[in-house]
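Take a look at the model below. We will follow a few helix contacts and then turn to the core.

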Amino acid sequence: MYNVCLLELKRCLRRIEFKFVFVILLLLPVVAHLIQCAIYFGKTFSYLRPYEEMTFIVGNYVSHIFSIFIILTPLLSSFIYSDNYFIDRKKGILTLLVTRTKRQYVLIAKAFTVTFVTFFSFFVVLCINFLLTYITFPEKGGDNMYALPAYDTGLQGYNSLYAFDLLSLNHPFGYSLIYAFLVSLFAGMVALLSFSIMTLTTKNRYLTVIGLFVGLIVIDLLFSFLGFFNYGWTSVFFSNSLVPEWAPFAWIIGLFAFSVLLLIRAKKSDVMN
């Protein structure tokens, strides 16, 4: 199965879709960083904030771009490599693969590659933004995002209703890092779900990806209509979200569990042939 995973990884990295999506993913945090640099260009030290408060994830001036990043996550993550099973089955490559190893190994290798590459792509571009921020902004600034003196930040700046708010006060960079991890993991799980759906359908792959994206948007709207706006995926993976810490993990586990159920069904389905 190791050889199959390696083969799938090489095929994924060579795809034009992967390169196109990765460039888009990279542009959003880089553009956000340039915007923040332009805003603070020429400012004195007393107006500068520390680098850990200027990342793409927590930066006040680029929160709208991060919102776009979150909203586009299901769409972009699904286009990276989620259709590989669908394409291989259509072109007859799947038949050749199952002659080299067991069918379930092929399915597992493909699912693992889709999840790993998607997670890694999102995490890398967010870490690149962290690096750019660290290089550009000072370690200690004369200002902070709470507009409070340093001695008062822990009193007025803390709110137990916000997810990981204590972490954001004690370790601001760790706060950004954990959200980068959660967003990347969410992207990986959506890609896995998209892959799982395409193991059971013979419809147009683009319609499948767009259909999943629309379905997630509808679910998010249902949360709003039912009075649970903060528990939708567009909210729980956004920094300063008013939800318990378990909410993003619930989304991730739920997507993973549903994907596994679909993959188990695909293993027993005639679509495997």
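The axes of helix α4 (residues 84–91) and α6 cross at roughly 140° and come within 10 Å. Here an axis is a line fitted to C-alpha atoms, for helices over the stretch in contact, and angles run from 0 to 180 degrees between N-to-C directions. α4 and α6 are therefore oblique to each other. Angles under 35 degrees count as roughly parallel, over 145 as roughly antiparallel, 65 to 115 as roughly perpendicular, and the rest as oblique. On the α4 side, N84, Y85 and D88 meet L107, K110 and V114 of α6. The residues of this contact (heavy atoms within 4.5 Å) divide into 3 nonpolar, 1 polar and 2 charged. Ala, Val, Leu, Ile, Met, Phe, Trp, Tyr, Cys and Pro count as nonpolar, Asp, Glu, Lys and Arg as charged, and the others, Gly among them, as polar.

This is a predicted model: local features need pLDDT of at least 70, side-chain atom pairs count only at pLDDT 80 or more, and totals for chains, interfaces and linings use all residues. Residues are numbered from 1 along each chain as its sequence is written, and side-chain values use heavy atoms, with hydrogens and water left out.

Now move to helix α3 (residues 63–81). It packs against α6 (residues 103–136) at an angle of about 135°, with the axes 10 Å apart. α3 and α6 are therefore oblique to each other. Which residues make the contact? α3 gives F69, T73, L76, S77, I80 and Y81, while α6 gives T113, V114, V117, T118, S121, F122, V125 and L126. They divide into 9 nonpolar, 5 polar and no charged.

The largest nonpolar core has 56 residues, and F56, F69, I80, F195 and F237 touch the most other members. Such a core is a set of buried Ala, Val, Leu, Ile, Met, Phe, Trp, Tyr and Cys residues joined through side-chain atoms within 4.5 Å. Buried means under 20% relative accessible area, with a 1.4 Å probe and protein chains only. Among the elements that give two or more residues to this core are α2 (16–40), α3 and α6. The largest share, 13 residues, comes from α9.

Look at I80 again. Not counting residues up to four places away in sequence, I80 touches C12, R15, E17, F18, V21, V117, T118, S121 and F122.

Finally, step back. The protein has 12 helices and 0 strands; helices are DSSP runs (H or I, at least four residues), strands are E runs of at least two, and both are numbered from the N terminus. Buried residues make up 46% of its 273 residues.

Terms used: Buried < 20%, exposed > 50% of the residue type's maximum accessible area, 1.4 Å probe, protein only.
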